[in-house]
Amino acid sequence: MQLSPVNIIDSEDAYTIHLYAPRLNKDQFELTTQQDILTVKYKDDARDDKAYYTRKEYRPEEIARSFDLKGKVEIDSIKATYAEGVLIIQLPKTEAARKRAQSVNVS
């Protein structure tokens, strides 16, 4: 199983996960949430690769990643798109997670 690299962007209203997954079929991705954990899986059992490799570091047939949402995401509003080899997952923040830190004056 391959651990695909991710970038996670923290904006004012949402977290955005960019999961690098080139040359994959978007219909094979499975995104689930359970107990405040987002799990992203990809498995392509149909891939019939009979080539002999002297070295194989890239194995796109199976990916699995999990992300702890820590109660900061509106789970019912999660959206995902796949384009140009990147799975983009939009995670809208809860109202509590949107609140910015306040500065405290030191006297």
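Tutor: Strand 3 (residues 29–34) and strand 4 (residues 37–43) run antiparallel and are joined by six bridges. A word on the terms: strands (E, at least two residues) and helices (H or I, at least four) are DSSP runs, numbered from the N terminus, and two strands pair if DSSP finds at least two bridges between them. Please keep in mind that this is a predicted model, in which local features need pLDDT of at least 70 and side-chain atom pairs count only at pLDDT 80 or more, while totals for chains, interfaces and linings use all residues. Residues are numbered from 1 along each chain as its sequence is written, and side-chain values use heavy atoms, with hydrogens and water left out.

Now zoom in on the turn. Gln 34 stands opposite Ile 37 of strand 4, and two residues lie between the two strands of this hairpin. Gln 35, in the turn, has a positive phi of about 50 degrees. Asp 36, in the loop between strand 3 and strand 4, also has a positive phi, near 65 degrees, although Asp 36 is a residue other than glycine. With a relative accessible area of 24%, Asp 36 is partly exposed; buried means under 20%, exposed over 50%, and partly exposed in between (1.4 Å probe, protein chains only).

Arg 23 is not a glycine, yet its phi is positive, at about 60 degrees. Its relative accessibility is 66%, so Arg 23 counts as exposed.

Further back there is another hairpin, made by strand 1 and strand 2 with three residues between them. Five bridges join strand 1 (residues 6–10) to strand 2 (residues 14–20), and the two run antiparallel. Val 6 has Leu 19 of strand 2 as its bridge partner. Pro 5 lies in the segment before strand 1 and is partly exposed, at 48% relative accessibility. Although 15 residues separate Pro 5 from Tyr 20 in sequence, their C-alpha atoms are 5.7 Å apart. Beyond its neighbours within four places in sequence, Pro 5 is in contact (heavy atoms within 4.5 Å) with His 18, Leu 19, Tyr 20 and Arg 65.

Along the principal axes, the C-alpha atoms fill a box of roughly 70 × 30 × 25 Å. Buried residues make up 30% of the 107 residues. Of the contacts with a separation of 6 or more, 55% come from residues 24 or more positions apart.
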